[in-house]
Amino acid sequence: MKSLRSTLILLAIVTVFGAYIYFNERGPIAEKDAVVLLRSDPQQVSQVVLSQNGSSLTLKKDGALWKVQRDKPTVAVPAEEEAVQTFLKELQLVQSPTVVADDPKNSKEFGLEKPAVSLQFADAKIEFGSAPSFDATKVYARLTNSGKTQVALLPDTLKTSASKPFADWRDKAALRVKIEDVQAVSMRAPALAANFEKTKSAEEGAANEWSLTRPVETKAEGSTVESLLTQLTGTTAAKFLDDNPKSLKEWGLDKPQAQVDIVTQEGPLSLHFGKKTAGGYAAKNSLSPAVFEVPSSLFGLINRPLRDWRDKKVVEFETDKIKQITVTFGGKTKTFEQKDEKWREVGVKADDSAKGKEAADAAHRALMDLLFAVQSLEAQDFVDKIESPAKYGLDKPWLALKMDDITLQLGDKDKLYAQTINPALSVLSSSAKDSLQKPLDTLFNPGK
């Protein structure tokens with residue numbers, strides 16, 4: 001009995017695996033009683049020519065990308081990948097409920113005397129005629145494949161796809177970017193000149209990490225960099241201004257006022273911003289000669305000061321992993337150690353009285369509040385060219401902390417400055433001082 005059960009399980013696995021192989025190798029399964037006129041493998045198709053009312057469009061694979069070429073006037077631009085792949089899936093299986101005629105002599109009755117729309121790829125050609133009077137969802141089509149010609153009824157959706165104009169095929173993204181493939185980004189704009197490098201690719205549930213390498217070397221705000229990359233792909237051209245510009249100077253693109261250069265695993269990409277237009281800015285990417293219009297908001301995302309692209313976290317640590325803290329404030333220094341999940345001051349004898357326990361608990365809570373406040377500190381701006389410590393109040397710090405091997409000093413001089421091992425100073429908001437003041441008073445001035 002056990003042997004029979006094992007055999008049945010094995011048979012089921014083989015059947016499922018066989019169906020998987022069949023479907024993926026052979027493509028979609030034909031409908032019952034349908035006549036299969038043509039099968040194709042989307043991975044093997046590299047070019048499709050569409051004839052539309054005397055003009056033609058060509059979908060052509062260019063490396064890993066697809067381009068669409070128009071013959072009147074001639075221009076080749078990136079095609080929208082999803083639109084091309086959807087179309088190729090339609091061509092994966094061409095089937096008909098019936099073949100109307102083999103080697104038809106009278107094409108006129110099928111609207112195929114002078115077909116307005118046709119498509120051709122590899123050895124196959126499909127010419128579309130008129131719809132039959134009895135079914136508006138079908139269309140007569142003449143299919144020539146491997147020397148054999150047949151007229152059959154096909155879904156009118158295939159003719160609709162083959163009739164799509166040039167504008168519907170072209171990729172309208174300002175710059176199509178696969179964020180996971182980006183390795184470096186360089187930006188130049190009136191308010192910014194900076195280079196970024198991806199230092200760590202995202203693991204599951206995590207984010208990519210980025211470094212700023214120019215004009216200073218520091219950690220970048222990764223979410224800001226990736227938000228721009230997302231916007232580049234998500235922003236579409238409001239309109240195309242010139243598909244074959246004779247002069248980039250006309251659009252202010254001979255000397256772009258802003259540009260983004262991206263290094264990917266597939267190669268470099270770039271987007272240039274030219275002159276101001278009624279609806280935004282003239283722009284051009286490295287994938288096409290076409291000049292198009294992008295909204296001012298995209299230019300604004302790039303044209304932001306350096307501080308907006310930097311990691312604003314002053315100091316990073318995990319509160320539960322810190323074991324010892326030395327705090328210097330108001331001319332006094334105290335050291336605390338964490339034991340049994342409680343912070344206690346080093347060198348101070350434990351007081352087991354109710355009042356002593358209450359004071360110790362209050363100090364523990366204050367120290368936790370201080371850690372959370374420090375952990376939340378964020379820079380509003382940065383000072384990269386540091387002068388004398390006295391200029392920033394760091395010759396006599398308002399607060400100094402040493403948390404295990406992490407050091408932090410805050411100077412209070414017209415603004416609140418933070419100094420860590422990072423060579424730059426962080427400029428903090430005035431409210432940052434307020435968040436620190438209360439726990440510090442509890443620790444150093446409990447009666448206040």
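The legends below describe close-up views of a predicted model.

Residues are numbered from 1 along each chain as its sequence is written. Because the model is predicted, local features need pLDDT of at least 70 and side-chain atom pairs count only at pLDDT 80 or more, whereas totals for chains, interfaces and linings use all residues.

**View 1. The open sheet of eight strands.** The strands follow the order β23-β22-β21-β25-β26-β27-β28-β24 with antiparallel pairing, where strands are DSSP runs of E of at least two residues and helices are runs of H or I of at least four, numbered from the N terminus, and two strands pair if DSSP finds at least two bridges between them. The edges are held by β23 (342–345) and β24 (381–383), each with a single partner strand, so one side of each is left without a neighbour in the sheet. From one strand to the next the twist averages 25 degrees. Within this sheet, β21 (residues 324–329) and β22 (residues 332–339) run antiparallel and are joined by six bridges, and V327 stands opposite K334 in β22.

**View 2. Two helices on the sheet.** Helix α7 (residues 354–375) packs on the sheet and touches β21, β22, β23, β25 (399–403) and β26 (406–413), its direction making about 110 degrees with that of β23; angles run from 0 to 180 degrees between N-to-C directions, and axes are lines fitted to C-alpha atoms, for helices over the stretch in contact. Helix α8 (residues 430–444) lies across β21, β22, β25, β26, β27 (415–419) and β28 (425–428), at about 105 degrees to β21.

**View 3. The contact of α7 with α8.** The two axes come within 8 Å and cross at roughly 155 degrees, which makes α7 roughly antiparallel to α8, a term for angles over 145 degrees. Residues of α7, including A362, A366 and L370, meet residues of α8, among them L436, P439 and L443, contact meaning heavy atoms within 4.5 Å. By class, this contact of α7 with α8 has 11 nonpolar, two polar and one charged residues; Ala, Val, Leu, Ile, Met, Phe, Trp, Tyr, Cys and Pro count as nonpolar, Asp, Glu, Lys and Arg as charged, and the others, Gly among them, as polar.

**View 4. Two loops with particular backbone geometry.** A cis peptide bond, with omega about 10 degrees, joins R214 and P215, and P215 lies in the loop between β14 (209–214) and β15 (218–219). In the loop between β2 (47–52) and β3 (55–62) is N53, a residue other than glycine whose phi has a positive value, near 50 degrees.

Conventions:
Side-chain values use heavy atoms; hydrogens and water are left out. Angles under 35 degrees count as roughly parallel, over 145 as roughly antiparallel, 65 to 115 as roughly perpendicular and the rest as oblique.
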